[in-house]
Amino acid sequence: MLQFFNYLYFYQMRNKKILVFFIAAAFISACKTTKQSVNQTAIAHQVNTTDAVAAAKLFTATFQQSAAEYKALCYQAYNLAKFKLDEILMTGKYARPLAVMTDIDETVLNNSPYQVHQALMNKDYDPISWHEWTAKASADTVPGALSFFQYAASRGVEVFYVTNRDEAERVGTLKNLQKFNFPNTDNQHLMLMGKSSSKVQRRDSIEATHILLMQFGDNLNDFSGAFEKKSVADRMKATDENRNQFGTQFFVLPNPSYGEWENAIYKYQRNLTTAQKDSIYRSILKDW
Ligand SMILES: [Mg+2]
């Protein structure tokens, strides 16, 4: 018995030593990791100190590329749209052909690699680099978009792509959509930006020949003229006024990286410096 207690005592002491060893090792390792993190933060800080906006774009692109929640939100929009479409198609016969209207960028195609490319150079959007990106025709699809639009087409509903990409981007845009077999990817169904960025006239022209069942976009201007050139407060008000359209006729995809919401914050001023933009953000944010 005594032998057993001696053994137990020795075992406990040995374990204590092992425990002390592991605590010391963990402490040294934690110090190393902290030092490494500090170094990495310092490097990241060095890269981005000149441009808080670029840092914000990297963060939002990370959400778009790595958050499963982003994917789930996109699925949610397109699942609901399919449910509504089935419901509409059960109700009857129509005198004119049926159509849905969709924006392209951040609704059908995911351009987050462009955001990242620019932000890593401390830059925001500019038309020259944007045209280089769209000519590559290498954007991936927004989750859920392809299967929904293919389904709509299979039910006899035409898909119109109404985008503020311009004429110079026609070839690259069609090539990018055709790569994935999106339906109706022809010149008749691709409605690029003409003289106006407003989509009102293009929507009217679809409605002249078709019954427009639903619309898709990441920007409220994709849905109605009611949101155009409005202040932040008035965009909120117009959203309340159109509350019943969301999820029934208007299907919104998430885009935390850019959009008319951002232009409204800048009061539609062009060519602001990044310091001015940063200062505007700080002036409107609500702290506790
Ligand atoms: Mg868009």
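**Exercise 1. State how many helices and strands the protein chain contains, and what share of its residues is buried.**

Solution. In this predicted model, the protein chain holds eleven helices and seven strands. Of its 288 residues, 25% are buried. Turning to contacts between residues at least 6 apart in sequence, one finds that 81% of them join residues at least 24 apart.

**Exercise 2. Determine how helix α2 is oriented relative to helix α4, and which residues make the contact.**

Solution. Begin with the geometry: α2, spanning residues 52–66, packs against α4, spanning residues 112–119, at an angle of about 150°, and their axes are 9 Å apart. Because angles over 145 degrees count as roughly antiparallel, α2 is roughly antiparallel to α4. The crossing in which α2 passes α4 is left-handed. Next, list the residues: α2 contributes Ala54, Lys57, Leu58, Ala61, Gln64 and Gln65, while α4 contributes Ser112, Gln115, Val116 and Ala119.

**Exercise 3. Identify which residues touch the most other members of the largest nonpolar core, and which elements each supply at least two of its residues.**

Solution. The largest nonpolar core has 30 residues, and Val100 and Phe160 are those that touch the most other members. At least two residues of this core come from each of α3 (68–90), β1 (98–102), α6 (145–154), β4 (158–162) and β6 (211–217); the largest share, five residues, is supplied by α3.

Methods: Residues are numbered from 1 along each chain as its sequence is written. This is a predicted model: local features need pLDDT of at least 70, side-chain atom pairs count only at pLDDT 80 or more; totals for chains, interfaces and linings use all residues. Axes are lines fitted to C-alpha atoms, for helices over the stretch in contact, and angles run from 0 to 180 degrees between N-to-C directions. Helices (H or I, at least four residues) and strands (E, at least two) are DSSP runs, numbered from the N terminus. Angles under 35 degrees count as roughly parallel, over 145 as roughly antiparallel, 65 to 115 as roughly perpendicular and the rest as oblique. A crossing is left-handed if the near helix is turned anticlockwise from the far one by less than a right angle, and right-handed if clockwise. Two residues are in contact if their C-beta atoms, placed from the backbone, lie within 7 Å. A residue is buried if 20 or more other C-beta atoms lie within 10 Å of its own, exposed if 12 or fewer, and partly exposed in between; C-beta atoms are placed from the backbone. A nonpolar core is a set of buried Ala, Val, Leu, Ile, Met, Phe, Trp, Tyr and Cys residues joined through C-beta atoms within 7 Å.
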